[in-house]
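Welcome! Take a moment to turn the model around on your screen before reading on. We will walk through it one region at a time.

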Amino acid sequence: MFAPRPAPDADRAWVRARLLAGAPHLAGDFQRIHARDLRRIGTLYDGRSFDGTLARTLGDTPLTYRVSGRMTRCLGLTYRHLQPLRFEIVVSSTLLFGNFDPADRGVQVVGLDARDRLDALLLVMEHELVHLAELLAFGDSDCAADRFAGIAHGLFGHREHTHRLITPRERAHARGIGVGARVAFEHRGQRHVGVVNRVGRRATVLVPDPKGARYSDGVCYAKFYVPPDALTPADP
Ligand SMILES: [Zn+2]
């Protein structure tokens, strides 16, 4: 079903060219992306790299695509929802749009260099489609396992199952804003100083407040959700 193919780069270039012919807004470091763009990519890869097996095996089972601004660590995820059965592929816009600034370090996705945002998108879609293929063929899928690695390498030349994009957490950390850091920020015209408790798309900052909830250190804190960019390191 998934016989190795000779030239994954050629397939990727083919998908890229066909995709851009129908969706020119995805060129290079694109600025917007829709679920229907993901569907276009899925359909092109199914035809080119899977010989149409995905659509044939899905039959009437729905496959939906979603762009998520909430995923800050995973670039893509593939779900199998039950009752009723449907599959869903989700791609993180936060990670796509949070990378490929000219000043940033280079990034890799699945062990291959991603030259631009579209490269990263195609590579993660390849990865998620292998998840889908495994789920359809075997009922389970684990990208840390040998079977997945064999398929992803044979079909697409992937070398790893992870991405090395810059996450909001890494970006905040580079500015001295990791978990436990003392930070200052402004909220409704007032300056607050607190401690970072968690870093995602937003950082959770705990500010001492007698009216807040009591934490394990015995102190009461009010909780603020602040974009990491709006935090500045505060003196201890
Ligand atoms: Zn995976």
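At what angle do helix H1 and helix H5 pack? In this predicted model, H1 (residues 8-22) and H5 (residues 117-138) meet at about 115 degrees, and their axes are 11 Å apart. Their crossing is right-handed. From H1, the residues making the contact are Arg12, Val15, Arg16, Leu19 and Leu20, while H5 brings Leu118, Asp119, Leu122, Leu123 and Glu126. Sorted by class, this contact holds six nonpolar, no polar and four charged residues.

Two packed helices are described by the angle between their axes and the distance between the axes.

## The whole chain

Now zoom out. The chain has 236 residues, and 47% of them count as buried. Its secondary structure comes to seven helices and ten strands. The C-alpha trace spans about 60 × 45 × 30 Å along its principal axes.

Which part of the contacts joins residues 24 or more positions apart? Among contacts in the chain with a separation of 6 or more, such pairs account for 57%.

## Helix H5, a mostly covered helix

Let us go back to H5. Of its 22 residues, 19 are buried, so H5 is mostly covered. At 1.5 Å a residue, H5 should span 32 Å, and the distance of 31 Å between its end C-alpha atoms agrees with that. Just after H5 comes glycine 139, with a positive phi of about 85 degrees.

H5 also packs against H2. The axes of these two helices come within 10 Å and cross at roughly 65 degrees, and this crossing is right-handed. Look for Leu38, Ile41, Gly42 and Tyr45 on the H2 side, and for Leu121, Leu122, Met125, Glu126 and Leu129 on the H5 side. By class, the contact of H2 with H5 has seven nonpolar residues, one polar and one charged.

## Helix H2 and its neighbours

H2 covers residues 35-49, which makes 15 residues. From its first C-alpha to its last it reaches 21 Å, close to the 21 Å expected at 1.5 Å a residue.

Which residues of H2 are buried? They are Asp37, Leu38, Ile41, Gly42, Leu44, Tyr45, Asp46 and Ser49. These buried residues pack against several elements: H1, helix H3 (53-58), strand S1 (63-68), strand S3 (86-92), H5 and H6.

## The zinc ion

Which residues coordinate the zinc ion? The donors are His127 (NE2), His131 (NE2) and Cys143 (SG), at 2.1 to 2.4 Å. Their spacing in sequence is H-x3-H-x11-C. Histidine 127 sits in H5, and cysteine 143 in the loop between H5 and helix H6 (146-156), so this pair ties together parts that are 16 residues apart in sequence. Both histidine 127 and cysteine 143 are buried.

## Arginine 147

Leaving aside neighbours within four places in sequence, arginine 147 is in contact with Glu134, Phe138, Asp140 and Ser141. Arginine 18, in contrast, is 129 residues away from arginine 147 in sequence and 30 Å away in space, C-alpha to C-alpha.

## Backbone details in the loops

Some loops are worth a careful look. Proline 84 lies in the loop between strand S2 (76-81) and S3. The peptide bond leading from glutamine 83 to proline 84 is cis, and its omega is near -5 degrees.

Phenylalanine 100 is not a glycine, yet its phi is positive, near 70 degrees. You can find phenylalanine 100 in the loop between helix H4 (93-97) and strand S4 (107-109). With 14% relative accessibility, phenylalanine 100 counts as buried. Arginine 188 is not a glycine either, and its phi is positive at about 50 degrees. Arginine 188 belongs to the loop between strand S6 (182-187) and strand S7 (190-199). Its relative accessibility is 80%, so arginine 188 counts as exposed.

Methods: Residues are numbered from 1 along each chain as its sequence is written. This is a predicted model: local features need pLDDT of at least 70, side-chain atom pairs count only at pLDDT 80 or more; totals for chains, interfaces and linings use all residues. Side-chain values use heavy atoms; hydrogens and water are left out. Axes are lines fitted to C-alpha atoms, for helices over the stretch in contact, and angles run from 0 to 180 degrees between N-to-C directions. Helices (H or I, at least four residues) and strands (E, at least two) are DSSP runs, numbered from the N terminus. A crossing is left-handed if the near helix is turned anticlockwise from the far one by less than a right angle, and right-handed if clockwise. Contact means heavy atoms within 4.5 Å. Ala, Val, Leu, Ile, Met, Phe, Trp, Tyr, Cys and Pro count as nonpolar, Asp, Glu, Lys and Arg as charged, and the others, Gly among them, as polar. Donors are N, O and S atoms within 2.8 Å of the metal (3.2 Å for Na, K and Ca); water is not among the atoms, so sites may look incomplete. Buried means under 20% relative accessible area, exposed over 50%, partly exposed in between (1.4 Å probe, protein chains only). The expected span of a helix is 1.5 Å times one less than its number of residues.
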